[in-house]
Amino acid sequence: MSYNKLIKTEAEYNDALKRIDELFDAEQGTSEADELELLVALVELYEKEHFPIEAPDPVSAIKFRMEQEGLTNEDMVQYLGSKSRVSEIFSHKRNLSISMIRKLMNGLQIPAEVLLGASVV
């Protein structure tokens, strides 16, 4: 199959994946490497349209970062206000405020797009 057009069907997608596998070790500067680069871009475009990945829930993202950093609920007081506020946020009884979002962005490096998934107060 010639890859000079967008991938539109699942069969074309599967063929492209097989070809990528064949070209995976192509040497830089070769026509095979150019073909690989084009195929990867076409597959990414197809996957973005057909297999979108939704952003995580803000609370799930915070808990994930806490796990990564070895943080406890008590460590979150500096970002969310108080122990009871942390509990309310984590049980989805309270939304993140703009102030909380800013603190989480700066302190835990969680992207704003993820944190803004919640209703902002």
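**Close-up 1. Tyr13, Tyr46 and Phe51 form one aromatic cluster in this predicted model.** Rings of Phe, Tyr and Trp (its six-membered ring) count as a pair if their centres lie within 6.5 Å, and planes under 30 degrees apart are called stacked, over 60 edge-to-face and the rest tilted. By this rule there are three aromatic pairs. Tyrosine 13 and tyrosine 46 make a stacked pair, with 4.7 Å centre to centre and 25° between the planes. This pair links distant parts of the chain, since tyrosine 13 lies in helix H1 (residues 10-23) and tyrosine 46 in helix H2 (residues 31-50), 33 residues apart; helices here are DSSP runs (H or I, at least four residues), numbered from the N terminus. Tyrosine 46 also pairs edge-to-face with phenylalanine 51, at 6.2 Å centre to centre and 70° between the planes.

**Close-up 2. Tyrosine 46 is buried, whereas phenylalanine 51 is partly exposed.** Buried means under 20% relative accessible area, exposed over 50%, and partly exposed in between (1.4 Å probe, protein chains only). Tyrosine 46 has a value of 7%, and phenylalanine 51 one of 45%.

**Close-up 3. Phenylalanine 90 belongs to the residues with the most contacts inside the largest nonpolar core, which has 18 residues.** Such a core is a set of buried Ala, Val, Leu, Ile, Met, Phe, Trp, Tyr and Cys residues joined through side-chain atoms within 4.5 Å.

**Notes.** Residues are numbered from 1 along each chain as its sequence is written, and side-chain values use heavy atoms, leaving out hydrogens and water. In this predicted model, local features need pLDDT of at least 70 and side-chain atom pairs count only at pLDDT 80 or more, while totals for chains, interfaces and linings use all residues.

Definitions and conventions: Helix = DSSP H or I, 4+ residues; strand = E, 2+ residues; numbered from the N terminus.
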